[in-house]
Amino acid sequence: MDTAIKYDIGMIKEEAHELVKRGLLNRQQPIYTLCKYLPDREWTYFEHELEKNEYLLRDRIIDLLGCEDWQED
C-alpha cells in the first residue's frame, strides 16, 4: 500500500510560505533546506515535482514564494 503524499507545486509553495512565515526558514536559503521538514520517503516525490516545474534544488526559497503582499506595521 502506497501512503506517500503526492506533491504538486502549489502545495510546495504553500509549505515554503508557511515555514518562512513561522521563521523556520529564510527566503534566501536554497530550496533543498525544505527536506528537513519532509519524511525521507517523500523527498523523491517532492524533488520530482520541483524538477517538473523547472526549479533546481540550489534555487532560493524566495523563487517559490513569488510576489508577496506586505502589510504596514
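So, is E49 buried or exposed? E49 is buried, at a relative accessible area of 8%; buried here is under 20% relative accessible area, exposed is over 50%, and partly exposed sits in between, with a 1.4 Å probe and protein chains only.

Quick housekeeping. This is a predicted model, where local features need pLDDT of at least 70, side-chain atom pairs count only at pLDDT 80 or more, and totals for chains, interfaces and linings use all residues. Residues are numbered from 1 along each chain as its sequence is written, and side-chain values use heavy atoms, with hydrogens and water left out.

Okay, back to E49. You'll find E49 in helix α2, residues 43–52; helices are DSSP runs of H or I, at least four residues, numbered from the N terminus. Setting aside residues up to four places away in sequence, E49 touches Y7, D8, I9 and I12, where contact means heavy atoms within 4.5 Å.

E49 also has a charged partner: its side chain meets that of K52 in a salt bridge, 3.2 Å from N to O. By salt bridge I mean a side-chain nitrogen of Lys or Arg within 4 Å of a carboxyl oxygen of Asp or Glu. The structure holds one of these. Both residues lie in α2, three apart, about one turn of the helix. An α-helix has 3.6 residues a turn, so residues three or four places apart point the same way. K52, though, counts as exposed, at 55% relative accessibility.

Now α1, residues 9–21. That helix has 13 residues and reaches 18 Å from first C-alpha to last, close to the 18 Å expected at 1.5 Å a residue; the expected span is 1.5 Å times one less than the number of residues. Its buried residues are I9, I12, A16, L19 and V20. After α1 comes G23, with a positive phi near 80°.

Last stop, the core. A nonpolar core is a set of buried Ala, Val, Leu, Ile, Met, Phe, Trp, Tyr and Cys residues joined through side-chain atoms within 4.5 Å. The largest one has 17 residues, and I12, L34, F46, L50 and L64 touch the most other members. The largest share, five residues, comes from α1. As for L50, leaving out neighbours within four places in sequence, its contacts are I9, I12, I31, Y55, L57 and L64.

Key:
Helices (H or I, at least four residues) and strands (E, at least two) are DSSP runs, numbered from the N terminus.
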